[in-house]
Amino acid sequence: MKIALTGGTGFVGKHLTNELLNNGHELYILTRSLANKSEKNNITYVQWLNKEDEPEKQLDGIDVFINLAGESINSGRWTKERKQKILDSRLTSTREVMRIINRLDEKPYTLINASAVGFYGTSQTAVFDEEVRKSGDDFLSLTVKAWEEEAKHAEKEWEIRTAFCRFGIILDKHEGALPRMALPYKLFAGGTIGDGEQWLSWIHIRDVVGAIEFIIKNESIDGPVNFTAPSPVTMKNFGKMLGKALNRPHWLSVPEPAIELALGEMSILITKGQKVLPSKLLKSGYQFHYSNLQTALQAIYE
């Protein structure tokens, strides 16, 4: 299968690239620069997002377009300029994907677009699955809503099956949020963040790439798809299990005002939360490699 991929050098993109190559797919990875990128077996690098680029000339005949491009939401304090960059990076890349598809004589049959559980907003009591249509009203919610609206043009204009991967907190030993969350425990200073009752909807990186491949193969799946394990946990329980996996104590606590003072609006990522269930994946028959947090953490730190 011929697959075009944006964000191929990012956290999820690198893992997904390896999985797709191992399963025999032919990849076209879109990148801003071809410098230091040599052709490899079943990988073609295609330059995009520069003024004179015409990536569509190399992408006719692709079967699937996967769009993972976007500025990281947790790589800096959310100043006004930072928030605009986070939003613009997602809208600009997705609009360019739509432009490319429009120029292709032979359209892909599937678009898989990155998204986030931030769509739902935060709550300690509500349970969110894909049947929830209303977004929250905070910065992340509005960003995700606008991002998905851009990608919906593929379905509206060309009847391309479109799936939105609403990622939860992705767990991996070396990248993503987990190394930062684990650092206090490694320093024997781990403990509850805020009141600890906020929900953490997590997913192991192996299930991220596994579920994306599952969607590629299952043409009945479209629309929003929650990429979270079936067993979300409270932040307090997450900390206890993380401490156990690292053989470190869970004993300190960090009050919410202190986190808000340190991180500003970005503190919502760890002081608030939402309980998100992967109903669509489960109903479609996806078998999670890691549905239990303790098992996932043990596999990461074994």
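Select Glu150 and Arg95 first: they form a salt bridge, with the closest N and O atoms 3.2 Å apart (a salt bridge is a side-chain nitrogen of Lys or Arg within 4 Å of a carboxyl oxygen of Asp or Glu). Glu150 is in helix H3 (residues 139-151) and Arg95 in helix H2, 55 residues apart; helices (H or I, at least four residues) and strands (E, at least two) are DSSP runs, numbered from the N terminus. Glu150 is buried at 17% relative accessibility, and Arg95 is partly exposed at 45%. Buried means under 20% relative accessible area, exposed over 50%, and partly exposed in between (1.4 Å probe, protein chains only).

The model is predicted: local features need pLDDT of at least 70, side-chain atom pairs count only at pLDDT 80 or more, and totals for chains, interfaces and linings use all residues. Residues are numbered from 1 along each chain as its sequence is written, and side-chain values use heavy atoms, with hydrogens and water left out.

Next, select Arg82 and Glu71, another salt bridge, with 3.1 Å between the closest N and O atoms. Arg82 lies in H2 and Glu71 in the loop between E4 and H2. Arg82 is buried at 13%; Glu71 is partly exposed at 22%. The structure holds twelve salt bridges, and Glu56, Glu96, Arg99 and Arg103 are linked in a network of them.

Move to strand E4 (residues 64-67). Val64 and Ile66 on one side and Phe65 and Asn67 on the other are all buried, so both faces are covered. E4 pairs in the parallel sense with strand E1 (residues 2-6) over four bridges, and with strand E5 (residues 110-116) in the parallel sense, also over four bridges; strands pair if DSSP finds at least two bridges between them. Select Val64: its bridge partner in E5 is Thr110. From E4 the chain crosses through H2 (residues 80-103) to E5 in a right-handed β-α-β crossover, meaning that, with the strands pointing away from the viewer, the path from the first strand over the helix to the second runs clockwise.

Now show the largest nonpolar core, which has 35 residues; Ile66, Val208, Ile212 and Phe227 touch the most other members. Such a core is a set of buried Ala, Val, Leu, Ile, Met, Phe, Trp, Tyr and Cys residues joined through side-chain atoms within 4.5 Å. Helix H6 (residues 205-217) gives the most to this core, with eight residues.

Finish at Phe227. Residues up to four places away in sequence aside, its contacts (heavy atoms within 4.5 Å) include Cys165, Phe167, Ile203 and Ile215.
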